[in-house]
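Me: Could you please help me read how the helices pack in this model?

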Amino acid sequence: LHISFNNFKLRHICVFSIKKLMKSKKNLVLLGMMGSGKSIIGKLISKKLKLKFFDIDNVIEKEAHMNIAEIFSKKGENFFRNLEEKITIKYLNTSNNVISLGGGGFMNDKIRKEVITNHYSFWLNLNISALLTRIRKNKKRPIVLTSSDSKIVELINNRAKVYVKAQFKINCNVLTKTEIVKKILKLYEHN
């Protein structure tokens with residue numbers, strides 16, 4: 001009975017959320033450090049809300065016909081950041097989607113202003129040790145491939161000062177993926 005009630009409640013929240021999002025025409029935007037879970041949470045939310053999901057890093061890779069590490073090594077970070085801005089703004093100009101920004105996307109003034117002004121934004125926050133572990137496991141993260149832990153911590157702290165401008169902060173340290181999704185949907189429903 002308890003599980004059924006929870007499932008019923010989550011379905012009710014999702015139906016309410018779909019109607020609200022469709023009426024507002026805003027996107028639900030996830031931001032945070034690389035390794036914070038934006039892609040998996042975005043997929044789960046889009047499935048619950050029956051909306052399209054766009055992972056900006058994946059879109060960039062498809063359009064550039066190379067992965068992000070290759071873009072950084074062959075074209076440079078400036079080329080990547082310009083491409084990231086162009087693609088992100090293009091997708092933010094759509095409506096009723098779930099969008100996962102790249103880890104550095106929200107650092108861009110133009111992207112940040114668009115997200116804050118016209119969309120629902122959720123910062124997926126994790127503690128530094130959890131982020132370091134996740135970041136070190138993935139060899140596709142060009143900014144941190146050759147960085148020391150202290151440099152990565154500095155990057156995390158600097159980005160956190162900007163991520164805090166998101167509409168909502170989700171502390172993900174002790175939450176399961178399902179709990180994170182429920183928390184985002186509940187916050188979204190009440191705003």
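Me: How are H2 and H9 oriented to each other?
Reply: Helix H2 (residues 38-49) and helix H9 (residues 177-189) pack at an angle of about 60°, and their axes are 10 Å apart. H2 and H9 are therefore oblique to each other; angles under 35 degrees count as roughly parallel, over 145 as roughly antiparallel, 65 to 115 as roughly perpendicular and the rest as oblique. The model is predicted: local features need pLDDT of at least 70, side-chain atom pairs count only at pLDDT 80 or more, and totals for chains, interfaces and linings use all residues. Residues are numbered from 1 along each chain as its sequence is written, and side-chain values use heavy atoms, without hydrogens and water.

Me: Which residues of H2 and H9 make the contact?
Reply: H2 contributes Ile40, Ile41, Leu44, Ile45, Lys48 and Leu49, while H9 contributes Lys177, Ile180, Val181, Ile184 and Leu185 (contact means heavy atoms within 4.5 Å).

Me: And what classes are they, in the contact of H2 with H9?
Reply: There are 9 nonpolar, no polar and 2 charged residues in the contact of H2 with H9.

Me: Next pair: at what angle do H3 and H5 pack?
Reply: Helix H3 (residues 56-64) and helix H5 (residues 77-92) pack at about 115°, with axes 10 Å apart. That makes H3 roughly perpendicular to H5.

Me: Which residues make that contact of H3 and H5?
Reply: From H3 come Ile56, Asp57, Val59, Ile60, Glu63 and Ala64, and from H5 come Phe80, Leu83, Glu84, Ile87, Thr88, Lys90 and Tyr91. By class, the contact of H3 with H5 has 8 nonpolar, 1 polar and 4 charged residues.

Key: Axes fitted to C-alpha atoms, helices over the stretch in contact; angles between N-to-C directions. Helix = DSSP H or I, 4+ residues; strand = E, 2+ residues; numbered from the N terminus. Nonpolar A, V, L, I, M, F, W, Y, C, P; charged D, E, K, R; others polar.
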